[in-house]
Amino acid sequence: MAKQLQLKMFRAMLINVALIICVFCNQKASAQAGKFLQLWGGAQYVAIDNDNNYSRVNLSGAQEVSQTYRSGFGIDYIDNFNQNYGFQTGIYYSGQGQKFFGRTSDIDVHMPDSVTIPWNSKLLLDYIKVPVYIRFNSIIANDSRINVSIFFGIYLGYLLDVQSYTAAQGIPGGIPDTLLAKFPNFKLRNLYNTFDFGLGAGAQFNVKLNERLYVNLGVRFDRSITDIENYNYAL
């Protein structure tokens with residue numbers, strides 16, 4: 001049985017970097033004191049920190065982590081106390097997960113052991129997150145249209161859904177000895193904690209279009225500091 005294909009998420013933590021694009025702010029001047037909302041969305045580079053939980057090379061073959069991209073989007077509420085400092089919160093969706101690829105030679109599908117079969121799989125986790133950030137804004141001059149904002153703090157995440165897929169070349173219906181192939185009605189969400197907690201930070205350029213509209217471009221970084229696996233669940 002291809003043991004390296006079994007789901008193993010011990011001590012798994014989440015990392016993602018989101019590119020903020022097309023953010024419109026309805027505020028007289030984002031570097032000045034005041035309250036405003038901004039919409040954002042973009043691509044995310046995501047990863048699950050669990051490299052110690054599988055063997056890259058064993059008797060069954062090998063497996064590697066693939067670069068994984070998903071998306072994130074949401075709405076921010078920003079309250080600038082003065083020209084430089086403020087508070088930021090909001091709510092947003094964050095697609096997390098990890099993709100893998102590899103090869104195996106001991107799948108029980110009535111094939112000789114010498115046959116090496118390439119495979120790929122992905123684990124997808126969907127979260128709703130609420131951040132609490134401290135915010136710093138550079139002062140924008142009267143004759144300027146661009147300033148910079150930096151923010152950092154914490155977030156609380158709520159797990160919406162978990163999905164997993166595994167496919168192998170030349171095997172219709174996927175690999176038969178994976179968890180979901182054996183138990184198709186099993187709820188993968190049971191293996192993970194409902195809540196996640198972590199650190200967040202970001203920076204963005206604010207480009208002034210007029211007195212009430214801005215377009216922003218920047219990046220965000222999230223790093224879970226808790227273990228997302230549910231150790232209390234008995235499979």
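Colleague: What makes K129 count as lying over the face of Y155?

Modeller: The distance from K129 to the ring centre of Y155 is 4.4 Å. A charge sits over a ring if NZ of Lys or CZ of Arg is within 6 Å of the ring centre and within 35 degrees of the ring normal, so K129 is listed over the face of Y155. This is a predicted model, where local features need pLDDT of at least 70, side-chain atom pairs count only at pLDDT 80 or more, and totals for chains, interfaces and linings use all residues. Residues are numbered from 1 along each chain as its sequence is written, and side-chain values use heavy atoms, with hydrogens and water left out.

Colleague: Which ring does K122 lie over?

Modeller: K122 lies over the face of Y165, at 5.3 Å from the ring centre.

Colleague: Why is A47 called buried?

Modeller: Buried means under 20% relative accessible area, exposed over 50%, and partly exposed in between (1.4 Å probe, protein chains only). A47 has 17% relative accessibility, so A47 counts as buried. Of the 235 residues of the protein, 45% count as buried.

Colleague: Where does A47 lie, and in which strand?

Modeller: A47 is in strand 2, residues 34-48.

Technical notes:
Helix = DSSP H or I, 4+ residues; strand = E, 2+ residues; numbered from the N terminus.
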